[in-house]
Each structure stands twice: as C-alpha cells, then as structure tokens.
Amino acid sequence: MANMHKHPVRGLRGIDDALWTDFDGATKAACSDRSATLKAYMEWYVRREGAIPPERPPVK
C-alpha cells in the first residue's frame with residue numbers, strides 16, 4: 001500500500017508538548033532528528049554491541 005510505513009509507529013506516553021518541542025529543537029541543533037536520537041540512545045542503553053550514546057547539542 002502507498003501509505004504504509006516501512007517501520008511500525010511507536011508511541012511514547014507521558015511526554016508533555018514543551019519537552020517534545022525542546023527535544024525536536026535539540027536534535028536538529030545536533031544535526032539529527034528525534035527518531036534517530038532515541039534509537040541511538042536505546043541501543044546504547046541496552047548495551048548493543050558498538051552502540052554509543054547520541055551526541056548532545058551544543059550549549060546555547
């Protein structure tokens with residue numbers, strides 16, 4: 001189907017709009033996006049081989 005995503009959509013609960021917006025800005029400042037940053041963090045957190053924590057954006 002044309003509108004099917006390659007990967008399933010995962011929902012996150014308990015994240016307020018301000019945090020989600022700030023996180024979006026921070027990931028863009030680090031030349032990334034929310035999905036890539038969360039995936040990198042989760043891989044590092046569960047100790048996947050070769051995983052490193054995502055880069056944090058520069059301090060404003």
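Tutor: K39 and E43 form a salt bridge, their closest N and O atoms being 3.0 Å apart. The term denotes a side-chain nitrogen of Lys or Arg within 4 Å of a carboxyl oxygen of Asp or Glu. K39 and E43 are 4 residues apart in helix α2, and so about one helical turn separates them. Helices are DSSP runs of H or I with at least four residues, numbered from the N terminus.

Student: On what kind of model does this rest?

Tutor: The model is predicted: local features need pLDDT of at least 70, side-chain atom pairs count only at pLDDT 80 or more, and totals for chains, interfaces and linings use all residues. Residues are numbered from 1 along each chain as its sequence is written, and side-chain values use heavy atoms, with hydrogens and water left out.

Student: How many salt bridges does a search of the whole structure find?

Tutor: The search finds 3. In one of them, K28 meets D24 at 3.1 Å between the closest N and O atoms. In another, R34 pairs with D24 at 3.8 Å, N to O. This pair links distant parts of the chain, with R34 in helix α2 and D24 in helix α1, 10 residues apart.

Student: Is K28 buried or exposed?

Tutor: Buried means under 20% relative accessible area, exposed over 50%, and partly exposed in between, with a 1.4 Å probe and protein chains only. K28 is exposed, at 54%, while R34 is partly exposed, at 26%.

Technical notes. Helices (H or I, at least four residues) and strands (E, at least two) are DSSP runs, numbered from the N terminus.
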